[in-house]
Amino acid sequence: MARVSLAVLAALLLLVDPCHARPEPEPEPEPTEDESFGTTLVDGIGVIYNFGDSLSDTGNLLLEGDASGMLNYTTSLPYGSSIGEVTGRCSDGFLMIDFLATDLDLPCLDPYLEAAPRTARELYETGYFARGANFAVAGATTLDAAALARRGVVVPHTRSSLAVQLQWFKDLMISTNEGRPNTTMKDIRETLSYSLVMLGEIGGNDYNYAFATSLKPAQAGGGGGRRHNNFGRRAVTKAMALVPDVVRAITNTARELLDMGATRLVIPGNLPLGCVPIYLSAANEKDPKAYDANGCLVGLNTFAQMHNAELQKGIKRLRALYPAAKIAYADYFGAYVQMLRNATEMGFDKGSVTRACCGTGGGKHNVDLDRMCGSPGATVCATPDRYISWDGVHLTQRAYRVMTDLIYHEGFASPAPIEFPPRASRTGRSSWDTVSWNACL
């Protein structure tokens, strides 16, 4: 398969403006009391609902029992090793959604599939999901498997696409209100009026699976498995063709949520794919001109920026249709690049920013596509907090803490979806610190 030259994607730079201006963080208000919860709410948020993939799954894939392929080992140690428990999170510890919840003084979100053995009345009477729920599933796509198959893209993991997660949300909203006498859509709208809805990140796996088609089987005598290869033009073209449909699926889901009564919605963009160790390792690009100053692949980052630019256009249209709602774009791309640039100041080992803490193969990135973290022979670094990448795909707990601060406290979400109280009011914890996790385990 032919190599992708810089020219294949460089033309996209003419369509993408990577320098999105961000407003300065607004002054942070004091928290307010809410009698219905009997507690102090941060900026009026009492509930979080989350949709997404492995960046925010807190246990749904584990409960599905469908971990296979590259996700085969994510539901066992060393995943969760920094917190001493396997939870189904694709990291050594906690995720951005966990840090965001604790920053809001809310409990960490339980995975939706924990509701399976409970009746609607039990859910209502016990208030099991009273403070929110997590519908994200590791490996999930925006488009469903059938739609991707028609485009020649195979979904190797879960079938719990964004549409499935949205249906779970609808089912839960009915279930948790069902025990209430004469429940109506007005009750659901009331719940959503003090809820934060996180729509993603999702969509990355649609592209990941398209790019995966360019990883060729190893040549005879090469030891089996896949050999590292430059991404082919066909795979890039296939991924590019998905962008309009992926963005449309996200914005259509947002419209359904807003029509149901959501008033505060966060829609994250894609990460810089060209900075992710598994892509750097798989591309095995020898041309120095293929990399930027951060050591990331220019072509793949340009592709991610194309998705993000189209997504922001869709968000702009949503804001025009729903002017009373706060619809924020979370710049995961910009926050990740900021973390790379300031790695040393943020406590990371500058020499390991594109190297997986847990993996096999050694070398510059410590990623072997056929022997991922957790597989026999894989090793774990001694200090995960010094690494950005946990397993070559997902981030470490420490990196997720940093990302959370950059996005929700340092202006990488626009407009700011949450007005936090001054840091001194937030139990006195500093910018990058982890917290007590009794509410999460």
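This is a predicted model: local features need pLDDT of at least 70, side-chain atom pairs count only at pLDDT 80 or more; totals for chains, interfaces and linings use all residues.
**Disulfides and a helix contact**

At 14% relative accessibility, C381 falls under the 20% limit and therefore counts as buried.

C381 is joined by a disulfide to C357, with an S to S distance of 2.0 Å. The torsion about this S-S bond is about -95 degrees, so the disulfide is left-handed. The pair links distant parts of the chain, 24 residues apart: C357 sits in the loop between helix 12 (332-341) and strand 8 (358-359), and C381 in the loop between strand 9 (379-380) and helix 13 (397-409). C357 is also buried, at 3% relative accessibility.

How many disulfides does the model contain? The count comes to 3. Another of them is formed by C358 and C373, whose sulfur atoms are 2.0 Å apart. Here the torsion is about 90 degrees, so this disulfide is right-handed. It links C358, in strand 8, to C373, in the loop between strand 8 and strand 9, 15 residues apart. Both C358 and C373 are buried.

The disulfide between C275 and C296 has an S to S distance of 2.1 Å. It is right-handed, because the torsion about its S-S bond is about 110 degrees. C275 lies in the loop between strand 6 (264-268) and helix 10 (277-283), and C296 in the loop between helix 10 and helix 11 (298-321), so the bond ties together parts 21 residues apart in sequence. C275 is buried at 1% relative accessibility, and C296 is buried at 0%.

C90 is itself buried, at 1% relative accessibility.

I turn now to a charged residue. D103 is found in helix 3 (residues 96-103) and counts as buried at 1% relative accessibility. Its side chain makes a polar contact of 2.8 Å with the side chain of R401.

Finally, a pair of helices. The axes of helix 7 (residues 185-193) and helix 9 (residues 233-260) come within 8 Å and cross at roughly 110 degrees. The two helices are therefore roughly perpendicular to each other. Helix 7 contributes M185, I188, R189 and L192 to the contact, and helix 9 contributes L257, D259 and M260. By class, these residues divide into 5 nonpolar and 2 charged, with no polar ones.

Technical notes. Residues are numbered from 1 along each chain as its sequence is written. Side-chain values use heavy atoms; hydrogens and water are left out. Axes are lines fitted to C-alpha atoms, for helices over the stretch in contact, and angles run from 0 to 180 degrees between N-to-C directions. Helices (H or I, at least four residues) and strands (E, at least two) are DSSP runs, numbered from the N terminus. Angles under 35 degrees count as roughly parallel, over 145 as roughly antiparallel, 65 to 115 as roughly perpendicular and the rest as oblique. Contact means heavy atoms within 4.5 Å. Ala, Val, Leu, Ile, Met, Phe, Trp, Tyr, Cys and Pro count as nonpolar, Asp, Glu, Lys and Arg as charged, and the others, Gly among them, as polar. Buried means under 20% relative accessible area, exposed over 50%, partly exposed in between (1.4 Å probe, protein chains only). A polar contact is a pair of N or O atoms within 3.5 Å; within protein, one must be able to donate a hydrogen and the other to accept it, and residues adjacent in sequence count only if both atoms are side-chain atoms. A disulfide is a pair of cysteine sulfur atoms within 2.5 Å.
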